[in-house]
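Notebook open, structure on screen. I jotted down what I looked up about the ligand site and the ring pairs.

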Amino acid sequence: MMNVERLPIKDEIIQILQQQGIKNLYPPQEEALPRALNGENIVVAVPTAAGKSLVAYLPIIQEAFLHKKKSLYIVPLRALAREKWDDLQAFKKLGIKIGIATGDLDEESSYLAKNDIIVCTSEKADSLLRHQANWLNDIAILVADEIHLINDISRGPTLEVIIARFRAMNPDIQIIALSATIKNAQEISHWLDSVLVESSWRPVPLKEGIYHKNKIYYGVDDVKTVSASSQGKMAPLVIETINDGGQALIFVNTRRATEKIGESLGDDIGSFLRHDKLEKISQTLHQEEGTIVGKKLIGCIKKGVAFHHAGLSEQQRRTVEQSFKEGDIKCIVATPTLAAGVNVPARRVIIRDLWRYASEYGGMSPIPVLEIKQMMGRAGRPGYDKEGEAILIAKNKGEIERLWTQYIIAEVEPIYSKLGSEPALRMHLLALIATHFASHIEELYQFMARTFFVYQSSSLPTEKIQEILHFLEENDFITIDGDYLKATAFGRKTSDLYIDPLSALKLRSALESRIKPTVFSFLHAICTTPDMLCLYLRSTDSHWIMEKAEKEKYLFEDGLYSTLMNEWFLSEIKTASLLEDWIDEVTEDQMVMKYNVGPGDIHNKIETATWLIHAMRELARMFNFEVVSPLDKLLIRIKNGCKEELLNLIQLRDIGRVRSRALYKAGFKTINQLREVDIKALSKIPTIGERVAKSIKEQLGETDGNQNTFL
Ligand SMILES: Nc1ncnc2c1ncn2[C@@H]1O[C@H](COP(=O)(O)OP(=O)(O)OP(=O)(O)O)[C@@H](O)[C@H]1O
Ligand SMILES: [Mg+2]
């Protein structure tokens, strides 16, 4: 093994590596790093945990340190952005500035310019390009982590467009692409004119097996019995791991399943863990206003188990990840969102579900081997365990062999570009034109020729492109003059807002319709866009939804009611009702019952709705100025889930819908009225307490000094 001291990098960098316990390079790093440090484009397609990040870290650190060159490090998920940013902090003492960009997609970003290295998600990078941030021209190294996600229908196209754009902007840019083991890494590397490093080497051995009825099958002659210490299906596997001093990570396919299994496992393992630490962790989570999901999570954590899914708040997720890393939480039950790239001390990964719901097919479809291998790869991470284990659960005896051939010894799939899909092309072609990247049809073709899509299909989809340009022209997003293309103000706005052009059309027509807008009509309008995934209908739903629709007069004025009384329409009304309940302060528990959804789903709808109401308000500035102000109010209400009467109080920090309602009930209806009460009385109001009371008074400028921070 090669010592890090032999790398052509500055001593200061080597010292930091050594302090982190990195003394020798792993074989794939030994092969890749000299090339990467030499400025060559490189694709590193090696197994999980093989230390790919370092192949990117060292060149970007070295270039920042020696030449003040800038790099952009692109990852698929916010959690991963955070992890990379944390890793890079170690190099801050060299005077290197490291930024992270995960915020809203159309916010100002010039503050990022001062950084040498910026970590962000691919959507964020795309939106930075759309806003034409000047400093992007200075990016010398582009890192694309988890580049195999080009295969992903929803985020893949964005990733390949970003790469193609940066290469077009700066032909000398260095691309460092990190990939899971895939079948056609060669193709990716040809596309990027890069060196390819492939390997099957893994620093920590990973044992793969299949579990059925208290037996783990690691191979024909390698079967192990797990003592049946508990009734639960997976509990024996988890208990064994914990007894051995390890931790377990379980993957299931729905959020609800993570919660259910988390709760039942807690009952199985909770009795033999240290509880003082767990109590402390749950205390930190108590500070967030109580929701069902929050309470459930706290209940689980007290028993040493946590669940993890996209419906948790940022803080909840981070607490779970952190406490698992520190070894206090012994088991996490997660959806596959935790499968990509993260470093966690899971000695044993258990995968229960091999199928999941796929909206594009409207049914269940098998999870690709590539993704299963990614989940498996969370086990056995360097620095945490000497060996890892990944176990699939067989439903019956017959399944054991099938799982063996289909997943354990199976070859991973090749990846395919998804940029040919119509929504993707619609969105990205408009963005290219709106940002003056392509102002002539030939430029558009030239750009497309640089994408992985065209590389892979080896032909330019000219007809499809023409069709989409025609659609964009017909709907006033662009003008076409001969072969010259130009975005209209509407087209530019749509691209900036980062919404599907079809969504922009829907919002525009709602804004331009003659009917008198109501809060519900705004909510309904955003639910008609393809950016909002509407709730499913149950047979018991149609009745109350029709009743609801009948109460909304504007639907009749517009003739919508009679023509659109179909399933689509009903599910739009259902989703809009959920949003309306949210801003009418219906409790989360009630909404869970009424709509038969998980709290996570509610949060997702609210997040999307916030984004779309923001977009609608921006478009209103162009198409119906009168509703800008009502949409402003609605935006604050949807962000916070409160009635209009709380709009004043809700502006205070630390005050959400629950606390502002409590203040209101106690007779404080405006911020001004809060000046009249002393801190002691304030802290007695339910849900307020000393900490929040103090914070309120500070914001009013009433404690130390007399600086008024809130006007
Ligand atoms: N040469 C080394 N010596 C010791 N530890 C190392 C070395 N290189 C990397 N590591 C450690 O190995 C762990 C895994 O590295 P990393 O996250 O880069 O893996 P990866 O290849 O990106 O895996 P994944 O495919 O799961 O994303 C990290 O904790 C890292 O600090
Ligand atoms: Mg990685």
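My helices (H or I, at least four residues) and strands (E, at least two) are DSSP runs, numbered from the N terminus. This is a predicted model, where local features need pLDDT of at least 70 and side-chain atom pairs count only at pLDDT 80 or more, while totals for chains, interfaces and linings use all residues. Residues are numbered from 1 along each chain as its sequence is written, ligands are numbered from 1 in the order written, and side-chain values use heavy atoms, with hydrogens and water left out.

**Rings**

I searched the whole structure and got 9 aromatic pairs (Phe, Tyr or Trp rings, the six-membered one for Trp, with centres within 6.5 Å; planes under 30 degrees apart are stacked, over 60 edge-to-face, the rest tilted). Phe 452 and Tyr 455 count as stacked because their ring centres are 6.2 Å apart and their planes at 15°. Both belong to helix H17 (residues 452–457), and being 3 residues apart there puts about one helical turn between them.

**Ligand 1**

I found 17 residues around ligand 1, and the closest are Asn 24, Lys 52, Ser 53, Arg 378 and Arg 381 (near means a heavy atom within 4 Å). Next I checked polar contacts (N or O pairs within 3.5 Å). The side chain of Arg 381 has an N or O atom 2.7 Å from a ligand 1 oxygen. On the backbone side, a polar atom of Ala 49 is 2.9 Å from an oxygen of ligand 1, and an N or O atom of Ala 50 is 3.2 Å from one.

Note on methods
Polar contact = N/O pair within 3.5 Å; in protein donor to acceptor, adjacent residues only side chain to side chain.
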